[in-house]
Amino acid sequence: MAEKLSRQQIYDRIRATSKDSYILEEMQRLGFWESSEMPGLSEVLIKREADASQELNNLLAQDRKYNSQELMLKEMRKARMKLAKEKRAETKQRNKQKSIDKAENWKNVQSQQIIYLGDGVSAGLNHTQSDQDLLQKFNLPVFAQVTDLVAAVGIDLAALRYLLYQRKVSKISHYHSFEIPKKSGGKRLISAPKSRLKALQHWVLEHILDRIPINNTAHGFIKDRSIISNAKPHIEKDIVVNVDLKDFFPSISYKRVKGLFNKFGYSEQLSTIFALICTYAETETVEMDGVTYYVQKSNRFLPQGSPASPAISNLISYKLDKKIQGLADKFNFNYTRYADDLSFSTDKGNEKHIAALLFFLKKIIETEGFTIHPDKTHIMRKGNLQKVTGIVVNKKLNIQRNQLRKFRALLHHIETEGWKDRKWGIAKNLINAIEGYINFVKMVNPEKGAAFKLQLDRIILKYGYPAIKEEAVIAKTDIPVPQSTDVEPEIPESTPLESKQYDWWNIL
């Protein structure tokens, strides 16, 4: 007995062929339809219909399968696009957060560190290691990081960066620059720092520069030394020689100033900061669309007008002085230096050494980065007027007579006729010039200076102070220095060497 089919199986067979085909097969199976070798027309038609139905079902199945693939691909594309969109959103958010974190990190770095101060001066800012042993040997303040420096100075890091940042073109300038006439002719550029930068320069001078000892041959801008101490070694000498250095301050470059602080033991970073505080780049003022721009036209150098410049010039000239002192000792000459004025003196019998002294002096000065002024070398022999930094040294320290006579005549005319149309030298501020000359006389001859002071007091009591029409002339602060060199030039073997030194420069 044949197995009875379930309803689902019957449906499956009908779907696989056709209803008529299924009925035919069942009738044949049950014996209701006689089958022969030559089937009848009805049977053939039913079978062909079943085959056609089967083929149609196969085609429909393939079509459904194809449509399903298209839908699947479409769904896959949608899923991929959604995933890509979500990924882009995540990436955008992640990059945004990175930017926020980077900005926050940069803000923190900016508040704790200085890593860039402009082109040409930022190379060493990432080197923060100082030589603490060397700094302690010089009794200089030690700063573990730049934040310690700004705390000691009393300024925040942003303000320090603002004052030191070097720009080729800027809308601001931290200096007042102007020219004043020189006594010898020409103009002298004065670059006076504005108050905030000037305060920094005063701090560097007081806490660093003034703590370094200066050799005995230098007398300019040093406590307890003056033009008097500079002139004394040359009193009553048979020969006095004066040599002047050309462009003393402007020849001291930023690079050399930085090297000086580095020699003290400060890191590249701190040396860069100190050098930027103490140097200046000459600028040209340009007006464009109603805006003033300051265009840098030179490399940075030591400015005349900074309170730190004289001390730096003396320290940079330290080796120069030692070498020249050795040369002077070789030929039995006394040697002193007041800023850019070099003075030598000797007794009778050493005239034959003057040419050699000047020859080797020029070599030493050039190797140290200086230049001798070609028109300001004077050889003064006994019997003629001999002066050192404006003071007569023939027999004793004295003031030049004809200048004293002119000054007495000036005070006499003012006392009798008043201030009108009176002048002293090239000074525009007459009262300042007169008081300055009286102080100069007082240093050399206190009695004469006191007498002049009493006379001036009488004049002021009688006529008051003269009207000031123009700005006062700033007193001379000239001090030229050598160009910076990384390798110290050698003096030829035939050149007399400097005297032995046991001083701070030797231990660097």
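A: A salt bridge is counted here when a side-chain nitrogen of Lys or Arg lies within 4 Å of a carboxyl oxygen of Asp or Glu. In general, side chains of opposite charge can pair when their charged atoms come close. Please keep in mind throughout that this is a predicted model.

The structure holds ten salt bridges. One of them joins Arg422 to Glu417, with the closest N and O atoms 2.5 Å apart, which is within the 4 Å limit. As for how open the two partners are, Arg422 is partly exposed at 26% relative accessibility, whereas Glu417 has a relative accessible area of 54% and is therefore exposed, because the exposed class begins over 50%. Elsewhere, salt bridges that share partners link Arg256, Lys323 and Glu368 into one network.

A further salt bridge is formed by the side chains of Glu268 and Lys258, with 3.0 Å from N to O. Since Glu268 belongs to helix H10 and Lys258 to helix H9, this pair ties together parts that are ten residues apart in sequence. The two partners fall into separate accessibility classes: Glu268, at 27% relative accessibility, counts as partly exposed, while Lys258, at 16%, counts as buried, because buried means under 20%.

The side chains of Lys297 and Glu282 also meet in a salt bridge, here with 3.7 Å from N to O. Lys297 sits in the loop between strand E6 (291-296) and helix H11 (309-316), and Glu282 sits in the loop between H10 and strand E5 (283-288), so their contact ties together parts that are 15 residues apart in sequence. Glu282 has 24% relative accessibility and therefore counts as partly exposed.

Next come the aromatic rings. A pair of aromatic rings is described by the distance of the centres and the angle of the planes. A search of the whole structure finds 19 aromatic pairs, and among them is the pair of Phe143 and Tyr266, whose ring centres are 6.4 Å apart and whose planes meet at 20 degrees, so the pair is stacked. Phe143 lies in the loop between helix H4 (132-137) and helix H5 (146-153), and Tyr266 lies in the loop between helix H9 (254-264) and helix H10 (268-278), so the pair ties together parts that are 123 residues apart in sequence. Both Phe143 and Tyr266 are buried. They belong to one aromatic cluster, which also includes Phe138, Trp203, Phe261, Phe264 and Phe274.

A nonpolar surface patch of about 260 Å² is made by Met72, Leu73 and Met76. Met76 lies in helix H3 (residues 41-112) and counts as partly exposed, with 38% relative accessibility. Another partly exposed residue is His378, with a relative accessible area of 42%; His378 is found in strand E9 (residues 378-381).

Most residues other than glycine have a negative phi. Against that background, Ala339 stands out, for its phi is near 60 degrees, a positive value in a residue other than glycine. Ala339 lies in the loop between strand E7 (334-338) and strand E8 (341-346), and at 3% relative accessibility it counts as buried. Thr389, which is not a glycine either, has a positive phi of about 45 degrees. Thr389 is found in the loop between strand E10 (387-388) and strand E11 (391-392), and its relative accessible area is 19%, so it is buried, since the limit for that class is under 20%.

Methods:
Residues numbered from 1 in each chain as written. Predicted model: local features only at pLDDT ≥ 70, side-chain atom pairs only at ≥ 80, totals over all residues. Heavy atoms only, no water. Phe/Tyr/Trp six-rings, centres within 6.5 Å; stacked < 30°, edge-to-face > 60°. Helix = DSSP H or I, 4+ residues; strand = E, 2+ residues; numbered from the N terminus. Buried < 20%, exposed > 50% of the residue type's maximum accessible area, 1.4 Å probe, protein only. Patch = residues over 30% accessible without salt bridge, like charges linked within 9 Å, V, L, I, M, F, W, Y side chains within 5 Å. Areas by Shrake-Rupley, 256 points an atom, 1.4 Å probe, with all protein chains shown as cover.
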